Amino acid sequence: MTPALDRIRVGSAPDSWGVWFPDDPQQVPWRRFLDEVADAGYEWIELGPYGYLPTDPARLTDEVARRNLQVSAGTVFTSLHRGPSVWDATWEHVGQVAALTRAMGARHLVVIPSFWRDDKTAEIIEPPELTGEQWAHLTQGMERLGHEVKETYGLDIVVHPHADTHIDTEAHVERFLDSTDSALVNLCLDTGHYAYCGGDSVKLIETYGERIGYLHLKQVDPDILAEVHAGEVPFGPAVQRGVMCEPPSGVPELAPVLTAAQRLGVELFAIVEQDMYPCPPDQPLPIARRTRTFLRSCGA
């Protein structure tokens with residue numbers, strides 16, 4: 001019998017419905033996303049790109065409550081490695097999202113570093129490797145962000161290692177964790193992005209367990225990933241090729257990841273995200289239903 005993963009709270013996100021932007025004609029309307037994520041059997045959602053779901057807290061509270069949904073986190077994008085000059089613009093963006101996140105009763109803010117490669121044109125915008133000074137800006141900036149977000153909004157930040165950003169590979173993730181204070185900054189481990197960049201999620205959970213504050217559940221197709229790496233394909237076009245695939249057909253295996261997370265002895269959100277931008281509007285719901293059934297078979 002599969003052991004119950006009673007500390008894991010499973011949810012999904014607009015990302016699993018092909019939503020990457022606040023407004024885009026290729027994306028499903030927000031009401032349809034809310035209807036379908038509830039229909040698929042999920043109780044928790046993330047806000048997705050700020051402005052996709054209603055930003056008025058009273059209206060959004062009504063919309064999610066009617067569908068028996070709750071919000072687990074908001075998401076922000078940052079470029080703190082560029083130094084103090086970007087702080088004010090960063091804080092303005094963070095403040096909008098954090099205020100809505102808090103109003104929805106969530107406790108986490110997922111923080112994604114900026115891309116070094118343009119997601120649409122594949123142009124290299126910045127060097128993939130940071131200088132020592134930029135690493136200092138990044139780590140000190142994230143600590144400042146963690147402190148300010150906790151003081152002002154009562155939220156915990158969880159930094160999301162992501163393909164085509166400066167926090168991606170095992171070496172970069174470990175350097176980031178070793179350089180930051182666990183009281184201020186922890187990690188949103190995205191199993192798909194970490195595998196995409198060559199990392200082992202179970203090993204990371206077992207080695208840095210006290211730093212794992214949140215999970216994104218995702219798998220990569222190893223055959224497509226090999227082609228992506230061989231051709232140096234940027235992340236956006238890689239997603240269009242189907243590099244992020246439906247569980248359980250890809251890697252990493254999710255059952256061992258969930259078991260390792262359960263062993264940490266803390267309550268953790270595990271939010272399903274299957275990057276599918278853009279996708280046909282009828283594609284996400286059947287996948288979401290099958291994925292929820294699969295995760296139940298793992299005990300979650």
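Which residues of helix α1 are buried? In this predicted model, where local features need pLDDT of at least 70, side-chain atom pairs count only at pLDDT 80 or more, and totals for chains, interfaces and linings use all residues, the buried residues of α1 are W30, F33, L34, E36 and V37. Residues are numbered from 1 along each chain as its sequence is written, and side-chain values use heavy atoms, with hydrogens and water left out. Buried here means under 20% relative accessible area, exposed means over 50%, and partly exposed lies in between, for a 1.4 Å probe and protein chains only. Helices (DSSP runs of H or I, at least four residues) and strands (runs of E, at least two) are numbered from the N terminus.

The buried residues of α1 are covered by elements that include β1, β2 (44–46), α2 (57–66) and α11, where contact is taken as heavy atoms within 4.5 Å. The axes of α1 and α2 come within 10 Å and cross at roughly 35°; such axes are lines fitted to C-alpha atoms, for helices over the stretch in contact, and the angles run from 0 to 180 degrees between N-to-C directions. In this pairing, W30, R31 and L34 of α1 meet R59, E63 and V64 of α2. By class, the contact of α1 with α2 has three nonpolar, no polar and three charged residues, given that Ala, Val, Leu, Ile, Met, Phe, Trp, Tyr, Cys and Pro count as nonpolar, Asp, Glu, Lys and Arg as charged, and the others, Gly among them, as polar. Just after α1, G41 takes a positive phi of about 105°.

Helix α11 (residues 284–297) has 14 residues and reaches 20 Å from its first C-alpha to its last, close to the 20 Å expected at 1.5 Å a residue, the expected span being 1.5 Å times one less than the number of residues. Its buried residues are P284, L285, I287, A288, T291, R292, F294 and L295, and what covers them includes β1 (8–12), α1 (30–39), β7 (212–217), α10 (254–262) and β10 (268–272). After α11 comes G299, whose phi is positive, near 100°.

A further pairing joins helix α4 (residues 132–153) to helix α5 (residues 170–178), which pack at an angle of about 60° with their axes 10 Å apart. The two helices are therefore oblique to each other, since angles under 35 degrees count as roughly parallel, over 145 as roughly antiparallel, 65 to 115 as roughly perpendicular and the rest as oblique. Where they meet, G132, W135, L138, T139 and M142 in α4 touch H172, R175 and F176 in α5, and by class this contact has four nonpolar, three polar and one charged residues.

Helix α4 also holds V149, which is buried, with a relative accessible area of 0%. Leaving aside neighbours within four places in sequence, V149 is in contact with W91, V94, L109, G154, L155 and I157. W91 is found in helix α3 (residues 87–103) and, at 22% relative accessibility, counts as partly exposed.
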